[in-house]
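Good morning. Please have a look at it first.

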Amino acid sequence: MHCPYCKNEDTKVLDSRVADDGGSIRRRRTCAECDRRFTTVEKMQLTVLKRSGATEPFNRDKAIAGVRKACKGRPVTDAQLACLGQEVEDALRLSGQAEFDANDVGLAILAPLRALDEVAYLRFASVYRAFESADDFEQEIQILRMERTAEAHPAQSG
């Protein structure tokens, strides 16, 4: 690490702390040459591989924008969307991968969106799971109903 003041390469870490709920590491450093202190932040950069083959940094706001379209007219607040975006980013980081296919990001959104609003989930899923007919919607709705019934009436353990 180069000192931002004198550009010397010999710096020493004085303190390291996890920040942003584990998403980054904050390090307090000192320069061996000029003795000045400075802070660095290390963050794992998530990248998204687009269909075109290009890569770009993961952008939580961009992911939320896609979900916002699916939530149009639904009782979903901006705060709930922000929480969903954080949950998706956390899940991607916890996977240990640094690069994701754009479709994988969309699929990672499905579970938290399903818990948030079933109608928005169906709208979003129809794009990311490439529904081709009403039968695809009917099948997904049947799965939602079965899971809702299972949650309402958990199996008795013996």
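Glutamate 42 is partly exposed, with a relative accessible area of 35%. On this scale, buried means under 20% relative accessible area, exposed means over 50%, and partly exposed is what lies in between, using a 1.4 Å probe and protein chains only.

Before I go on, two remarks on the source. This is a predicted model, in which local features need pLDDT of at least 70 and side-chain atom pairs count only at pLDDT 80 or more, while totals for chains, interfaces and linings use all residues. Residues are numbered from 1 along each chain as its sequence is written, and side-chain values use heavy atoms, with hydrogens and water left out.

Back to glutamate 42. Which residue does glutamate 42 form a salt bridge with? The partner is arginine 27, and the closest N and O atoms are 2.6 Å apart. A salt bridge here is a side-chain nitrogen of Lys or Arg within 4 Å of a carboxyl oxygen of Asp or Glu. Glutamate 42 lies in strand β3, residues 37-43, and arginine 27 in strand β2, residues 24-31, so the pair ties together parts that are 15 residues apart in sequence. Strands are DSSP runs of E with at least two residues, helices are runs of H or I with at least four, and both are numbered from the N terminus. Arginine 27 is buried, at a relative accessible area of 18%.

By the salt-bridge rule, the count comes to 11. One more of them pairs arginine 93 with glutamate 89, with 3.0 Å between the closest N and O atoms. Both residues lie in helix α2, residues 78-94, four residues apart, which is about one turn of the helix.

Glutamate 118 counts as partly exposed at 29% relative accessibility, and arginine 148 counts as partly exposed at 44%. Elsewhere, salt bridges that share partners join Arg27, Arg29 and Glu42 into one network.

Now the two helices themselves. The axes of α4, residues 118-128, and α5, residues 134-152, come within 11 Å and cross at roughly 140 degrees. Axes are lines fitted to C-alpha atoms, for helices over the stretch in contact, and angles run from 0 to 180 degrees between N-to-C directions. α4 and α5 are therefore oblique to each other; under 35 degrees would count as roughly parallel, over 145 as roughly antiparallel, 65 to 115 as roughly perpendicular, and the rest is oblique. Which residues meet? From α4 they are Glu118, Tyr121, Leu122 and Ser126, and from α5 they are Phe137, Glu140, Ile141, Leu144 and Arg148. Contact means heavy atoms within 4.5 Å.

Last, two loop residues. Aspartate 35 has a positive phi of about 65 degrees although it is not a glycine. Aspartate 35 sits in the loop between β2 and β3, and at 59% relative accessibility it counts as exposed. Alanine 130, also not a glycine, has a positive phi of about 55 degrees. Alanine 130 is in the loop between α4 and α5, and counts as partly exposed at 47% relative accessibility.
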